[in-house]
Amino acid sequence: MTVQIDHALEEIRRFRPSPEFAAQAVADDGLYEAAKADRVGFWADRARELLTWEKPFTRTLDWSNPPFAKWFDDGELNVAVNCLDRHVEAGLGDRVAIHFEGEPGDSRDITYAELTDEVKRAANVLEGLGVGEGDRVAIYLPMIPEAVVSMLAVARIGAIHSVVFGGFSSDSLASRIDDAEAKLVITADGGYRKGRVFPLKPTVDEAISKSAGSVEKVLVVKRTGNEVGVEAGRDVWWHDTVAGASGEHAPKAFGAEHPLFILYTSGTTGKPKGVVHSSGGYLTQAAFTHKNVFDLHPETDVYWCTADVGWITGHSYVVYGPLANAATQVLYEGTPDTPHPGRWWEIVEKYKVSILYTAPTAIRSFMKLGRQIPHQFNLRSLRLLGSVGEPINPEAWIWYRHVIGGGSIPVVDTWWQTETGAIMISALPGITDLKPGSAQVPIPGISIDILSDDGTPVEGEDGGLLVITEPWPSMLRGIWGDPERFKETYWEKFGDKYFAGDGARRDEDGDIWLLGRVDDVMNVSGHRLSTAEIESSLVAHPWTAEAAVVGATDETTGQAVVAFVILKQSQAEAAQADTAAASEELRKHVATQIGAIARPRQVFIVNELPKTRSGKIMRRLLRDLAEGRQIGDTTTLADTSIMQIISEQVK
């Protein structure tokens, strides 16, 4: 299996941590040595060091029934207590837990003592509404403090939350409510997005009307004041109940393997998969990675992960990881471009954010707008940048470091999934020489390999299928209600190894480069080419703002490369006059950078790309277009009209 990549970027662009950063770094080489000497013992030490156990565990890992792992299973703890109460008891009650910034500009600071109080009150309300241990609670909220409070209150009483991103439709919400048999839904009247109120409660009402009838109560936060229907006996206002509830709540400890949450992720069959995560193992790895990958100094850092709590990144690196580590963080309700395109940088300046964790999609959108916007703000508080969600192309990595990071601070690119629960591959700042575009090295205690299709380990500088060869603490414990699907989806291909569904390659240094989903690796005339690699090449061209590449069926070569490119504003007008010339220039550029085999058959100049509400490009729809098929389901797109516009531009 041959996978090409631009070796010039690997050889020339490496960035060693500054001596000043390395001297103060949280992580050190001893972590790798300890994990190598005794991997299971390493995680036992982390669990004891980072968490408070009501009943200490004596068994670290039970792998007697693979692929069903148990970590710390005879120990007991309360996740919410680990995120809140113990910090207050340690004298950190006055530390700010959340700097909340609403899209309209309203803001409030919430201390650990205040957050703990609110979670206790909410826990009492949930119990009063009949929710108990093991019950499922669906949460459908905007990025407001009540979303964090709701998750922790559910965890505190031993119920199981299923957070559904606030942009999902009533059908998507109904299917998740039904699959989890949720007893309660927590929602809001609405939220703010791009300067407008988007209603949430009406979507919940519609979803419940379509569902099988498991929902008994709906708890509603008043956020925007838009008019909503209230069903007597079922709907309850948050402000009427939580504020008046008792602030005393005695937490119970639960087993480390007690399910903490279900989070639904897209499945190839069309039916979403309810990924189940545990309590003790999940919290251990979320806390460990948050502390070491982001070099967290909780006494001084202000951390900001821009993800929505509706996604796994929001679970692990907005809620559980940061709060377990007593961090101070920013929670922002809105989008990067409202009310102006410098909104994020305004927030960084206002709160003196020191750690920023965001997605390549956002970084590339800022590149498109130009460096003059971030340069209007004081970003000198930043000392570490992170990337998540998809492989970051080297040019975006460099831009992020130089324009946002001032050219000297570390950028950590992280690989992990909903299923893995926490970061699996990443540089550790202060230790690792950073390499733009590469996820680099497995986290200490994580065992990764690259296999060929028949299961043979790939040697040297070659590509293949990324697998995890040993169980890890934050691994998914199954698919809700469907153990067979869990085995078939993740374990059938290689038996005792977890197949992530991603392609990867090692470079000459042994660093790992992610190549996207395996269906995003094309076979052109027998050569395997990564869509991510070709996209990186296109984005490296000075004309390009963003690119998406798909493999389209070709009679001659098996598959052909087809690219869809958004040009930078400075180039767009000139290119519109002669799109053929612009396309040809970009085709030549790819051929020059990677080789003639990678030259796109077609490069279409477009104004937008089809993206989901979480910002991921829907390459499946572009593939439909490139192959002349009828465009498939567009309901998950943030803007369902985009494909019609792109189709017309392509014609």
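Ile 398 sits in helix 16, which runs over residues 394-404. Before I go on, note that this is a predicted model. With a relative accessibility of 15%, Ile 398 counts as buried, because the cut-off is under 20%. Leaving out residues up to four places away in sequence, Ile 398 touches Arg 13, Phe 15 and Pro 436. Take Pro 436 from that list. Pro 436 and Ile 398 are 38 residues apart along the chain, and their C-alpha atoms are separated by 6.8 Å.

Next, Arg 477. This residue is in the loop between strand 22 (463-468) and strand 23 (478-479). Is Arg 477 buried or exposed? Its relative accessibility is 13%, so Arg 477 counts as buried. The side chain of Arg 477 makes a polar contact of 3.2 Å with the side chain of Ser 278. Setting aside neighbours within four places in sequence, the residues in contact with Arg 477 include Phe 68, Trp 71, Glu 257, Val 276, Trp 472 and Phe 486. Ala 69, Ser 278 and Gly 281 are also among the contacts of Arg 477.

Now to His 277. Strand 15, residues 273-277, contains His 277. The relative accessible area of His 277 is 0%, so this residue is buried.

Helix 10 covers residues 201-210, and its buried residues are Lys 201, Thr 203, Val 204, Ala 207 and Ile 208. These residues are on the same side of helix 10, because they cover an arc of only 155 degrees around the axis. Which elements cover them? The cover includes helix 9 (170-180) and a set of strands: strand 6 (136-140), strand 8 (184-188), strand 10 (196-199), strand 11 (217-221) and strand 12 (235-237).

Helix 14 spans residues 343-351. Its buried residues are Arg 343, Trp 344, Trp 345, Ile 347, Val 348 and Tyr 351.

Which of them gives the most? That is helix 6, with three residues. Sorted by class, the lining of the second largest pocket has five nonpolar, five charged and three polar residues.

As for cavities, the count is four at 30 Å³ or more. The largest cavity has about 60 Å³ of space. Its lining is made up of Leu 77, Asn 78, Val 79, Ala 155, Ala 159, Phe 254, His 258, Pro 259, Leu 260 and Ser 279. How does that lining divide by class? There are seven nonpolar residues, three polar and no charged.

Terms used: Residues are numbered from 1 along each chain as its sequence is written. This is a predicted model: local features need pLDDT of at least 70, side-chain atom pairs count only at pLDDT 80 or more; totals for chains, interfaces and linings use all residues. Side-chain values use heavy atoms; hydrogens and water are left out. Helices (H or I, at least four residues) and strands (E, at least two) are DSSP runs, numbered from the N terminus. Buried means under 20% relative accessible area, exposed over 50%, partly exposed in between (1.4 Å probe, protein chains only). The arc is that of the directions from the helix axis to the C-beta atoms. Contact means heavy atoms within 4.5 Å. Ala, Val, Leu, Ile, Met, Phe, Trp, Tyr, Cys and Pro count as nonpolar, Asp, Glu, Lys and Arg as charged, and the others, Gly among them, as polar. On a 1 Å grid over the protein atoms alone, a cavity is a set of points where a 1.4 Å probe fits but cannot get out, and a pocket is an open set with protein on both sides within 12 Å along at least five of seven lines; lining residues have an atom within 4 Å of a point. Grid points are joined across faces, edges and corners, and a volume is the space filled by probe spheres set on the points. A polar contact is a pair of N or O atoms within 3.5 Å; within protein, one must be able to donate a hydrogen and the other to accept it, and residues adjacent in sequence count only if both atoms are side-chain atoms.
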